[in-house]
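Q: I am new to reading protein structures. Could you walk me through this one, feature by feature?

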Amino acid sequence: MENFTFWTPTKYVFGRGVEENTGELSAAMLGGKVLLVYGGRSAEASGLLGRVRHSLDSHAVEYHELGGIQPNPTDDRVYEGIDIVREKGISGILAVGGGSVIDTAKAIAAGALYDGDFWDFYCGKAAIAKALPVGVVLTIPAAGSEGSGNSVITKLDGMIKISIRTEEVLRPRFALMNPELTFTLPPFQTACGIADMMAHIFERYFSTTPGTDLTDRVAEGVLRSIIELAPVVMDDPCNYDARANIMWAGTLAHNGICGTGRKEDWASHAMEHEISAVYGVAHGAGLAVVMPAWMTFMAKNRPERGAQMARRVFGVENPVDTEAAIEGVMKLRKFFKSINLPTTFDGLGIEAPDIDLLVSRLHANKGATIGGYYPLTAAETALIYQLAI
């Protein structure tokens with residue numbers, strides 16, 4: 001096991017009606033003047049934004065708004081938010097939504113206190129030293145951004161999609177998590193969220209670090225719970241306990257607990273970011289295509305972790321690592337199909353993916369090799385993209 005520091009300052013407030021605490025927590029943790037960042041019309045139509053505004057008003061928290069944040073969030077909205085923050089003297093950012101909204105809020109929080117272009121953080125020219133505090137009212141369990149220091153933004157000039165990771169600076173101060181807010185999510189969005197959280201665990205689970213038995217078992221337990229509960233929430237969207245467990249699983253998948261003490265991979269996420277940047281697909285759907293293809297390559301080149309996952313998570317009994325790992329991939333694909341997710345480019349609506357373009361963009365953004373479990377060259381990432389056709 002590697003040395004590690006596990007630091008999670010986020011205050012999680014979980015359960016029915018917890019969004020009513022928005023004003024109290026914002027006043028205490030975000031200051032007296034916040035930028036309210038949110039997504040589409042559903043938060044308004046459902047009455048959630050009305051309740052959030054009422055709670056802010058009740059605690060004398062002034063707020064200004066930035067709405068209409070779309071999936072695969074873009075830099076133009078970040079610049080717009082930074083301008084509002086500076087003009088209005090905003091003291092904190094309140095995100096009401098899922099990963100795209102939260103990631104945008106984090107980018108604004110960092111960029112508003114930086115003299116240069118916030119994109120410097122994403123392209124590696126600068127490191128984030130400070131940021132405004134961020135709070136979250138979560139509506140979509142998927143990205144885990146409510147409990148992580150990560151953010152993903154797409155630069156419209158060139159459609160460059162890049163993620164950043166911070167250990168402390170961008171972790172939200174609080175996350176209000178009411179499972180009832182997820183009851184009306186469309187089935188496809190629910191399924192994409194499930195794939196996303198599973199991928200967050202796999203990126204940590206596939207590791208070269210020995211002696212991480214406890215962390216392995218935590219990751220395997222969360223994976224098994226997700227797989228068992230997924231058909232329940234798909235069949236009965238208003239099942240509170242199933243929704244609650246799925247929501248909490250999304251947080252545990254990405255707040256760092258499943259990666260403690262070991263090196264991580266993240267090649268599949270990098271590969272998917274190029275697909276969603278070029279073709280505009282949902283991130284979770286792209287991961288359902290890339291992750292099994294990546295695992296297929298690993299089954300033939302470094303099978304031991306895939307075999308362990310297959311045996312412990314999917315109950316595979318084959319004693320031969322390569323064969324067990326392949327069987328695990330087959331079961332993973334079967335699971336994704338059972339919740340109506342695509343597992344090939346064609347299923348994403350991409351009949352003839354430009355693999356040369358994807359590979360060139362990938363390695364231009366991430367370097368000559370990517371991944372911590374098995375460093376992949378351009379020829380090998382091209383092969384993995386081919387395996388997804």
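**Reading a helix, a core and a strand**

A: Helices (H or I, at least four residues) and strands (E, at least two) are DSSP runs, numbered from the N terminus. This is a predicted model, where local features need pLDDT of at least 70 and side-chain atom pairs count only at pLDDT 80 or more, while totals for chains, interfaces and linings use all residues. Residues are numbered from 1 along each chain as its sequence is written, and side-chain values use heavy atoms, leaving out hydrogens and water.

Q: Is Glu-220 buried or exposed?

A: We call a residue buried under 20% relative accessible area, exposed over 50%, and partly exposed in between (1.4 Å probe, protein chains only). Glu-220 has a relative accessible area of 3%, so it is buried.

Q: What does the side chain of Glu-220 make a polar contact with?

A: A polar contact is a pair of N or O atoms within 3.5 Å; within protein, one must be able to donate a hydrogen and the other to accept it, and residues adjacent in sequence count only if both atoms are side-chain atoms. Here the partner is the side chain of Arg-312, at 3.1 Å. For plain contact, heavy atoms lie within 4.5 Å. Not counting residues up to four places away in sequence, Glu-220 touches Tyr-205, Gln-308, Arg-312 and Val-313.

Q: How many residues of helix α12 are buried?

A: In α12 (residues 304-314), 8 of the 11 residues are buried, so this helix is largely enclosed by the rest of the structure. Gln-308 and Val-313 are among those buried residues. The cover over them includes α7 (187-205), α8 (213-235), α11 (283-301) and α13 (321-338). Just after α12, Gly-315 takes a positive phi of about 75 degrees.

Q: Which residues touch the most other members of the largest nonpolar core?

A: A nonpolar core is a set of buried Ala, Val, Leu, Ile, Met, Phe, Trp, Tyr and Cys residues joined through side-chain atoms within 4.5 Å. Of the 68 residues in the largest one, Met-198 and Trp-294 touch the most other members. Helix α11 gives the most to this core, with 11 residues.

Q: What about a strand: which side chains join Lys-161 in polar contacts?

A: Lys-161 is found in strand β7 (residues 160-165) and is buried, with a relative accessible area of 5%. Its side chain has a polar contact of 2.7 Å with that of Asn-72, and another of 2.8 Å with that of Ser-276.
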